[in-house]
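I opened this model to look up its pocket, its salt bridges and its sheet. My entries follow in that order.

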Amino acid sequence: MQLNTRTWGEGDRVALLIHGIMADHRTWRRVGPALAERGYRVIAVDLRGHGASGRGEYTAELFADDLVETLPAGAELAIGHSLGGLCLSLAADRLRPARAVYSDPAWNVNSRQQGISPEIFAQFKSASRATVAALNPRWEAEDVDIELATLKLWDENSALGLAPIFSADQVPEKAVVPSLVQFADGSFLYDTSEVARLVARGFEVRTVKGAGHTIHRDDFEGFMASLEGWV
């Protein structure tokens, strides 16, 4: 599937941005322009079932195939958040970016907190402004507005189609390109015990102190600072 994309900048280097579940390219509203200022042409996708992209079957493998169909291979940088991180890891051997950043990737959805289910994600489709704001107290008001707008467009069946990732270890066997894993200090996905396994598999690991799962919205400055040497 050819995905809808948004581009910032006209630089010679290419950066790819891949959002998490329920979001779309608008989640990168600050990251895209910041990378463009650093000389990148930044391409952000809407995954299938999200934003202005098409609907269809939903599996992690299909999400990854869409990235390969839509995005240029050999980009300087690729960043994937949560589900986007999982999809990027499944496509990395084909996209072959020079550097990959996995921002709190959805490799172990139930590793720390049992009982997170696709149905719970699907029910979030009808979340109120108060709920979104309460769950994300560090977000700016514009990000709450964007989240509500993206939820309206999101096909909640995409969460149900991804049920297999909720019970499987999706951590890559190795980093196929130079790779950074960026953990949120307040992540519901990981704890410090995961770091050693990732390092042994060739990943660099950094933690953004005080940030929740959506690091780039919780602490934009911390997010960018943690990319030092990777952008």
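Predicted model: local features only at pLDDT ≥ 70, side-chain atom pairs only at ≥ 80, totals over all residues.

Numbering runs from 1 along each chain as its sequence is written, and side-chain values use heavy atoms, with hydrogens and water left out.

**Pocket**

I searched on a 1 Å grid over the protein atoms alone; a pocket is an open set of points where a 1.4 Å probe fits, with protein on both sides within 12 Å along at least five of seven lines, and lining residues have an atom within 4 Å of a point. Points are joined across faces, edges and corners, and the volume is the space filled by probe spheres set on them. The largest pocket holds about 650 Å³. I counted 26 lining residues, with M22, N136, F188, H213 and T214 nearest the centre. By class, the lining has 11 nonpolar, 12 polar and 3 charged residues.

For elements I used DSSP runs numbered from the N terminus: helices are H or I of at least four residues, strands E of at least two. Helices α4 (118-123) and α9 (215-218) each give at least two residues to the lining. The largest share, 3 residues, is from α9.

**Salt bridges**

My criterion was a side-chain nitrogen of Lys or Arg within 4 Å of a carboxyl oxygen of Asp or Glu. The whole structure has 18 such salt bridges. For exposure I took buried as under 20% relative accessible area, exposed as over 50%, and partly exposed as in between, with a 1.4 Å probe and protein chains only.

I looked at E76 and R99, whose closest N and O atoms are 3.5 Å apart. E76 sits in the loop between α2 (60-70) and β4 (77-81), and R99 in the loop between α3 (83-95) and β5 (100-103), 23 residues apart. E76 is partly exposed at 30%, while R99 is buried at 17%.

In the salt bridge of D169 with R197, the closest N and O atoms are 2.7 Å apart. D169 is in the loop between α7 (157-161) and β6 (179-184) and R197 in helix α8 (193-200), so this pair ties together parts 28 residues apart in sequence. Both are partly exposed, D169 at 46% and R197 at 24%.

I also found a network of salt bridges linking R29, R30, E140, E142, D143, E147, R217 and E221.

**Sheet**

I counted two strands as paired if DSSP finds at least two bridges between them. The open sheet has 7 strands in the order β1-β3-β2-β4-β5-β6-β7, with mixed pairing. Its edge strands, β1 (5-8) and β7 (203-208), each pair on one side only.

Which residues cover the two faces of β4? L77, I79 and H81 lie on one side and A78 and G80 on the other, all buried. Strand β4 runs parallel to β2, joined by 4 bridges, and L16 stands opposite A78. Another 4 bridges join β4 to β5, again parallel, with G80 opposite Y102. Strands β2 (13-18) and β3 (40-45) pair in the parallel sense over 5 bridges, and R13 stands opposite Y40.

Technical notes:
Nonpolar A, V, L, I, M, F, W, Y, C, P; charged D, E, K, R; others polar.
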